[in-house]
Amino acid sequence: MRKNDQKQEHTNSYYAASVNEVTDYPALEGAKSADICVVGGGFTGVSTALTLAERGFSVALVEANRIGWGATGRNGGQIINGISGLSKIQKKHGDGIADMLWDLKWRGNDIIYDRVEKYAIQCDIKSGYLEVATSPKQVAWLDEYVEEREKHNFPHRYEIWDREKTRTNLGTDAYHGGFICYRDGHVHPLNLCIGEARAAHNLGVQIFEQSPVTGIEHGARPRVKTATGYVEADSVVLAGNAYSLLEPKYLSNLVFPAGSYIIGTEPLADDVVNEINPMDVAVCDLNNVVDYYRLSGDKRLLYGGACNYSGRDPSSIKSFILPRMLKIYPQLKDVRIDFEWGGKIGVVLNRIPAVGRINKNVYYCQGFSGHGVSATHVLGEVMADAVGGTMDRYDLFADMKHFRLPGSQWVGNQIIALGMLFYKLKDKL
Ligand SMILES: Cc1cc2nc3c(=O)[nH]c(=O)nc-3n(C[C@H](O)[C@H](O)[C@H](O)COP(=O)(O)OP(=O)(O)OC[C@H]3O[C@@H](n4cnc5c(N)ncnc54)[C@H](O)[C@@H]3O)c2cc1C
């Protein structure tokens, strides 16, 4: 068990090096009480806690390391509408809920933009997310994006870019075209999460850092225990995602950790920025195993990709990712790489976030399959609804069947790795 003096700080990322606030909330000591106790201080946990605090609940949030320490503080920062697996939910419930799901798709972006404004969170938020086609076949998919927006009278700006426009705006010949939506965008995710946690704290949320939860004592008021204290609450929300080992009887082998990796260049000269991304948009390709990139607030290229489903991290992240970046941008061959880091995404076999509850009052919400900046904000609201007794949107997720692979987590990861190998080959063909 970790002792209090063994603190886990943020990984060595560009984000950790550029935080607005170095959080230093106290560790959990002794007995505490709240209406709701949230475990995990990433977007899911912080967003749930903030929504609950805004609704007048007393909340305690317990984080093993630092606020935003997990995937939240390490990700590509791409704000992408939607929640993976929604089409399966629609298939189960029929077209009658299509409009509700469309609203749910965009709710996360709305929450993020509203909070950044309401709480004046400095997080380099920018509008514009471009999906790029790496083959002519993928270009044909872009029309569907337009069709679905037209069907729903989407009020925000979006465009299809042809090959020439994509080349001019990205300074690379790698793509056959793209689709840009200006309601999506990008953000410094760690600063966003830290800002949301500060807002929650200002509304009375008790936040504890460096406090790994060791177990839950179930009962009418479950106890969330750490080595040095506990929180007793009417309800608990588990939001530890790919990093959580809690409640193995119910949750082991439900979410599989997969590594994703990012490198950050030195700040680029203005002429380079003007060549490779003058509109300062987030970019992601349409492959099954995606590459994604964007410029940071100080104009570094943050380039990520290469999900690793085997459970093993590469020995050098830079040598893993840099060739991918140089394939798109050979002109950056002499640029210095200042940062390299990785994090764990939580993959669910059917790609629908695993949402449910144990013994009526211990809720869980995890597994965004690499697509969580926006989705965690919706699900945070959905979890807050549920603990407050409003179950409609929660039930849509909780009613979906999930598979728990038999055997160890390692076996599960190898099965997922094999599946992804198939998709990688498909991308190549
Ligand atoms: C490299 C990378 C790039 C990504 N890029 C994007 C992107 O561009 N766009 C996008 O939409 N999504 C992206 N994602 C996915 C996105 O980051 C995640 O879906 C999202 O951050 C999940 O948030 P979370 O709060 O559920 O989990 P996490 O952020 O992982 O937080 C879980 C927290 O729970 C804590 N915890 C775990 N167990 C315990 C315990 N026992 N006690 C106390 N605390 C505990 C952990 O310390 C951690 O802080 C990316 C992920 C990675 C790793």
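Which residues in α2 meet which residues in α7? In this predicted model, the α2 side of the meeting consists of F43, V46 and L50. On the α7 side stand P189, L192, C193, E196, A197, A199 and A200. Sorted by class, the residues of this contact comprise 9 nonpolar, no polar and 1 charged.

The geometry of this pair can be described next. Helix α2 covers residues 43-54 and helix α7 covers residues 189-202, and their axes come within 9 Å of each other. The axes cross at roughly 30°. Since angles under 35 degrees count as roughly parallel, α2 and α7 are therefore roughly parallel to each other. The crossing in which α2 passes α7 is left-handed.

Helix α2 also meets helix α11, which is formed by residues 373-387. Here the axes come within 8 Å and cross at roughly 45°, which makes α2 oblique to α11. The crossing of α2 and α11 is right-handed, whereas that of α2 and α7 is left-handed. From α2, the residues F43, T44, S47, T48, T51 and L52 take part. Their partners in α11 are V373, T376, H377, G380, E381, M383, A384 and V387. By class, the contact of α2 with α11 divides into 6 nonpolar, 7 polar and 1 charged residues. F43 belongs to the contact with α11 and also to the contact with α7.

The ligand is surrounded by 39 residues, and the closest are T44, E63, T72, V213 and V373. For T44, an N or O atom of the side chain is 2.7 Å from an oxygen atom of the ligand. The side chain of N65 likewise places a polar atom 3.1 Å from a ligand oxygen atom. In the case of A71, a polar backbone atom is 3.1 Å from an oxygen atom of the ligand.

Helix α3, residues 86-93, packs against helix α4, residues 98-118, with the axes 10 Å apart. The angle between them is about 160°, which makes α3 roughly antiparallel to α4. Their crossing is right-handed. The contact is made by L86, I89 and Q90 from α3, together with A98, L101, L104 and K105 from α4. Among these residues, 5 are nonpolar, 1 is polar and 1 is charged.

Methods
Residues are numbered from 1 along each chain as its sequence is written. This is a predicted model: local features need pLDDT of at least 70, side-chain atom pairs count only at pLDDT 80 or more; totals for chains, interfaces and linings use all residues. Side-chain values use heavy atoms; hydrogens and water are left out. Axes are lines fitted to C-alpha atoms, for helices over the stretch in contact, and angles run from 0 to 180 degrees between N-to-C directions. Helices (H or I, at least four residues) and strands (E, at least two) are DSSP runs, numbered from the N terminus. Angles under 35 degrees count as roughly parallel, over 145 as roughly antiparallel, 65 to 115 as roughly perpendicular and the rest as oblique. A crossing is left-handed if the near helix is turned anticlockwise from the far one by less than a right angle, and right-handed if clockwise. Contact means heavy atoms within 4.5 Å. Ala, Val, Leu, Ile, Met, Phe, Trp, Tyr, Cys and Pro count as nonpolar, Asp, Glu, Lys and Arg as charged, and the others, Gly among them, as polar. A residue is near a molecule or strand if one of its heavy atoms lies within 4 Å of it. A polar contact is a pair of N or O atoms within 3.5 Å; within protein, one must be able to donate a hydrogen and the other to accept it, and residues adjacent in sequence count only if both atoms are side-chain atoms.
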